[in-house]
Amino acid sequence: MKNRSGGSGRSGGSGGFLCALMALMAASPGFAATKAIKAGRIIDPSGRAIANAVIVIENDRIVSVGTAPPPAGAEVIDLSRYTVIPGLIDAHTHMTYYWDRNPATRPLNQPRRPAGVIVVLAAENARRTLETGVTTVRDLGASNDTDYAMRDLITMGKMIGPRMFVAGQGLSAPRQDAAKPDYKALAEARVAAGSDWVKVYASRGSYQSVDTTQTLTYDEMKAAVDAAHAKNHPVAIHSYGASGVRDAVRAGADSIEHGIELDDDTIAEMVRRGTVWVPTIDHNRYYVDAKDEYGFAPDTIPPLLAYIDKNLESTRRAVKAGVKVAMGSDAVYSMFGQNTRELGWFVKAGMTPAQALASATTIPAALLDHERDLGAIAPGYFADIFGVDGNSLSNGDALISRVRWVMKGGAVVVNRIGSGGSCGSGR
């Protein structure tokens with residue numbers, strides 16, 4: 001389905017006023033610059049490698065990739081010691097869920113803040129996300145238009161962060177005893193409000209709860225999907241349980257979020273339809289590790305661990321069957337900066353490192369209807385690029401823990417190598 005562009009969101013580094021000023025200059029239409037990246041090795045999602053490559057960039061786009069010397073007058077960025085990879089796409093985040101790590105509070109028990117304050121504070125989540133090599137996110141659920149604000153500020157160059165495709169407030173079942181809503185009208189309202197995607201919550205399950213109870217019927221899901229598709233907008237459906245996933249696939253969802261115990265018929269239907277699955281295996285690992293931050297009771301941890309096992313096994317079966325699987329962290333609060341740990345689970349589920357890379361590049365780029373300008377290092381694509389230590393991806397950990405340098409839309413936003421640009425986190 002066609003959807004509204006998240007914009008180029010050109011951005012700069014976070015290392016002080018000068019870097020921020022340079023980034024905002026780079027975001028303005030009148031700013032022009034030619035850069036040439038000398039890469040030790042380029043690896044694309046197909047697994048193809050180019051040694052000693054030169055990537056030439058004009059403004060926010062790649063204009064050439066090859067082995068010819070950098071053009072005269074270009075700013076040369078030396079990444080000859082690094083493997084260079086397309087900027088990653090996190091297909092499931094909640095960027096506006098911010099926690100200042102104040103020990104007197106918990107993520108789910110914070111003082112209420114005005115929407116404008118939340119947007120400003122959430123810039124830290126955006127920065128941490130960029131530091132993982134993620135330069136684009138699909139944000140699936142936020143209140144009070146805060147995600148719209150972040151998306152638009154980033155697109156305008158007024159906030160540093162990954163380009164965002166957003167859903168606004170998700171559609172869900174009514175509270176007990178409330179009247180059933182018109183899901184067609186709700187989906188149309190989301191589109192009219194400015195959502196790029198429509199998010200539907202079709203089951204219980206969140207945080208420490210692994211309740212898989214289905215909360216929306218097939219007909220309710222289909223009403224929302226058909227209404228959004230009629231407006232050329234795609235739909236993501238949240239479902240923890242097998243029955244909800246089955247109905248979401250049948251209803252025509254473009255992507256399924258979470259999900260365990262998928263049956264063989266549903267997996268086959270996902271392959272037939274090209275439905276993208278975003279398993280979010282790692283988000284339950286995060287809740288186990290962060291249990292003390294959240295104050296989760298001890299008896300909530302074994303069900304979370306059991307869910308991880310079931311989710312991983314379903315992912316194994318889906319990968320083997322040929323389901324399109326996309327990396328989604330479901331990052332909230334203190335999880336930002338851990339966005340790419342999902343890739344480790346995908347390798348455990350049987351993916352090769354190249355397949356895991358595709359789950360965070362070409363597959364979500366196509367899901368976002370941006371397969372011609374996101375997810376690859378090629379002429380015409382956004383200059384979203386990052387560098388990792390080493391000369392191969394044979395160790396999948398490189399994508400998770402060895403990110404050293406990140407460019408988004410032609411601007412250096414993270415620099416941990418002491419060269420190749422003066423801006424970035426420097427952390």
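View 1. Beyond neighbours within four places in sequence, E342 contacts (heavy atoms within 4.5 Å) P279, T280, I281, D282, M327 and G328. Helices (H or I, at least four residues) and strands (E, at least two) are DSSP runs, numbered from the N terminus.

**View 2. Helix α11 and its cover.** At 1.5 Å a residue, the 21 residues of α11 should span 30 Å. The expected span is 1.5 Å times one less than the number of residues. The end C-alpha atoms are 30 Å apart, which agrees. Buried residues of α11 include I301, L304, Y307, I308, N311 and L312. An α-helix has 3.6 residues a turn, so residues three or four places apart point the same way. The cover over the buried residues of α11 includes α8 (264-273), β11 (276-278), α9 (282-289), α10, β12 (324-325) and α12 (342-348). Just after α11, G322 takes a positive phi of about 100°.

**View 3. P298, in the loop between α10 (291-294) and α11 (301-321).** P298 is exposed, with a relative accessible area of 70%. V288 is ten residues from P298 along the chain; their C-alpha atoms are separated by 9.8 Å.

**View 4. The open five-strand sheet.** The strand order is β8-β9-β10-β11-β12, with parallel pairing. β8 (198-201) and β12 stand at the edges with a single partner strand each, so one side of each has no neighbour in the sheet. Strands pair if DSSP finds at least two bridges between them. β8 and β9 (residues 235-238) pair over four bridges. Y201 has H238 of β9 as its bridge partner.

**View 5. The whole chain, for context.** The protein chain has 15 helices and 15 strands. Buried residues make up 56% of its 427 residues.

**Notes.** Residues are numbered from 1 along each chain as its sequence is written, and side-chain values use heavy atoms, leaving out hydrogens and water. Because the model is predicted, local features need pLDDT of at least 70 and side-chain atom pairs count only at pLDDT 80 or more, while totals for chains, interfaces and linings use all residues.

Notes. Buried means under 20% relative accessible area, exposed over 50%, partly exposed in between (1.4 Å probe, protein chains only).
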